[in-house]
Structure formats: structure tokens, C-alpha cells
Amino acid sequence: MKSYDEAVLRKWIDDFNALQLKAHGVAKAGEDLPPLPAGVVQIELEDLGEHVLLQLREVLTAHSDDVDGGTDQFRSVFFNKSDMALLTDIPTKSQPMPDTSMRIAIGSQQSCMGESAGDGYAIFDLKQKGKTYLNEKFQDQVQGFEVKPVKTGTIQLLTRSEADFQGKEEDAKQCEIGSWVDVLETTYTIHCDAKSGKCTSQKKQKTYQACSAVGACD
């Protein structure tokens, strides 16, 4: 395909998804339907204006109706609409930087315990063929994250890490779900200038105690 044809692309994706399910003995996928076994790959299309995203999800470990320990791996493939040239291929999901062609790459896997941030994040620009402006590794083991838009070219990335409570046993509070833990919360304020191709990141951290917010498999 040398030019963007949404109808053709969506039909190809629908056919691919159906063949994947059939090959793994699943009639169809969706809510309130049989969970997916390991090995299934599903693709979703997202229209980004000048660009198009193919969001891939591969089931690494099978999902179940009972205690769902299934794990999905993400991959994102971006193309130019004008000529369907490949821009970038990343092993995570991504979210947009407000009012720019730049995106933050974060979110490597998902399970019943939530979405994994992976070992870091990167800022890349679709108009520059996926050029990476910023690539940072986390210094702690992130167990939860949230991306918040702030203004043009600026976002806040909030990460949360939990560790066993190090205080006195009598100071630990009882939790309805989970346990009393030490929490490290980090806020990254990330600003990017598309003209200069430069990004800055400011980091603030705070620690406190709270009931664990990390998801659990029921």
C-alpha cells in the first residue's frame, strides 16, 4: 500500500485479527467472551491526522475466566499517511504531547495488576521520522504511572514505586486491600520544543506511607 486507504487497511486488520483468533481456536474476541490464549496477536488502527498508528497487542501468557494471570505485550508502529512510509516501530504504547507531533513512549505490558511502565520513557517526533529527543531510564522500579497533559509541548509523568514498610510494626495501619507500604512518588515535568528538537525534564520526588495501590489478581 503506497497511499493511505482506511477501508483497505481496516479490512486487512479485521482479516488478520480473525485469522489469529481462528488459528488459536477462538471464535471471536471481546468483552464477556472467552479469554485469549497465549500467542494471539491483535491489531488496532488509530488515525492521528497526518499519521496512522497500528497498535499491536500480543498475549504472552494466557488469560482465564478464573484467576486472570494473563499478560499482554504492546508494540506501536507509525506510518505517514501520504506514502505509508514507516516512521518508527517501538516496543511500547505511547501518548501524545499536547498540540505537537511528539509523543511519549511508555507502557510495555499489561496484566491484571495494571499497566507496566517498563524501564524508562522516551520522547519521539513523528514529523522527524520518529527521531528521539529524550530517553530516560527510571532509577526505581516503577509499579504505576500516569501521563497528564499540561500545555503545548508539556506533560507531567507521575510514577509510583512501593516498598515494604520500614517503620515500627505498631505504626503500620491496617488496610482493607493490600498492605501498609513505603511509597516513592516521582513527578517528571517534561517540556519539548519542536523547533529546536530539544526536551527538558524536571524531577520532583516525595515519600510517604499508604495502603498499597498496586493492583492484584483476583
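This note goes through the predicted model point by point, from the overall fold to single residues.

1. **Basis.** This is a predicted model, in which local features need pLDDT of at least 70 and side-chain atom pairs count only at pLDDT 80 or more, while totals for chains, interfaces and linings use all residues. Residues are numbered from 1 along each chain as its sequence is written, and side-chain values use heavy atoms, with hydrogens and water left out.

2. **Overall make-up.** The chain has one helix and 14 strands. Both kinds of element are DSSP runs, numbered from the N terminus: helices are H or I with at least four residues, strands are E with at least two. The C-alpha trace spans about 65 × 50 × 20 Å along its principal axes. Of the 218 residues, 39% count as buried. Buried means under 20% relative accessible area, exposed means over 50%, and partly exposed lies in between (1.4 Å probe, protein chains only). Among contacts with a separation of 6 or more, 46% come from residues 24 or more positions apart. A contact here means heavy atoms within 4.5 Å.

3. **Main core.** The largest nonpolar core has 19 residues. Such a core is a set of buried Ala, Val, Leu, Ile, Met, Phe, Trp, Tyr and Cys residues joined through side-chain atoms within 4.5 Å. Ile-104, Ile-106, Tyr-121, Ile-123, Phe-138, Leu-157 and Ile-190 have the most contacts inside this core. Two or more residues each come from β6 (102–105), β9 (120–125), β10 (131–137), β11 (144–151), β12 (154–164) and β13 (180–193). The largest share, three residues, is from β13.

4. **Ile-106 and the second core.** Ile-106 belongs to the group with the most contacts inside the largest core. Neighbours within four places in sequence aside, Ile-106 touches Thr-92, Lys-93, Ser-94, Glu-115, Ala-117, Gly-120, Tyr-121, Phe-138, Phe-145, Val-147 and Leu-157. There is also a second, separate core of 12 residues. Tyr-4, Leu-9, Val-41 and Leu-45 are among its members.

5. Strands pair if DSSP finds at least two bridges between them. Ala-122 has Asn-135 of β10 as its bridge partner. Five residues lie between the strands of the hairpin, and Lys-129 takes a positive phi near 55 degrees.

6. **The four-stranded sheet.** An open sheet runs in the order β11-β12-β13-β14, with antiparallel pairing. Its edge strands are β11 and β14 (198–211), each pairing on one side only. From one strand to the next, the twist averages 20 degrees. That angle is taken between N-to-C directions, from 0 to 180 degrees, with axes as lines fitted to C-alpha atoms (for helices, over the stretch in contact). Seven bridges join β11 to β12. Glu-146 stands opposite Leu-158 in β12.

7. **Ser-161.** This residue sits in strand β12. Its relative accessible area is 7%, so Ser-161 is buried. A polar atom of its side chain lies 3.1 Å from the backbone oxygen of Gln-141. A polar contact is a pair of N or O atoms within 3.5 Å; within protein, one must be able to donate a hydrogen and the other to accept it, and residues adjacent in sequence count only if both atoms are side-chain atoms. Not counting residues up to four places away in sequence, Ser-161 touches Asp-140, Gln-141, Val-142, Gln-143, Asp-182, Val-183 and Leu-184.

8. **Gln-166.** Gln-166 lies in the loop between β12 and β13. It counts as exposed because its relative accessibility is 64%. Its side chain reaches the backbone oxygen of Asp-164 at 3.0 Å. The C-alpha atoms of Gln-166 and Asp-182 are 7.2 Å apart, with 16 residues of separation along the chain.

9. **Disulfides.** A disulfide is taken as a pair of cysteine sulfur atoms within 2.5 Å. By this rule there are two. Cys-175 is joined to Cys-211, S to S 2.1 Å. The torsion about this S-S bond is about -95 degrees, so the disulfide is left-handed. The pair links distant parts of the chain, 36 residues apart: Cys-175 in the loop between β12 and β13, Cys-211 in strand β14. Cys-175 is buried at 17% relative accessible area, whereas Cys-211 is partly exposed at 30%.

10. **The other disulfide.** Cys-192 and Cys-199 have their sulfur atoms 2.1 Å apart. Here the S-S torsion is about 110 degrees, so this disulfide is right-handed. Both Cys-192 and Cys-199 are buried.
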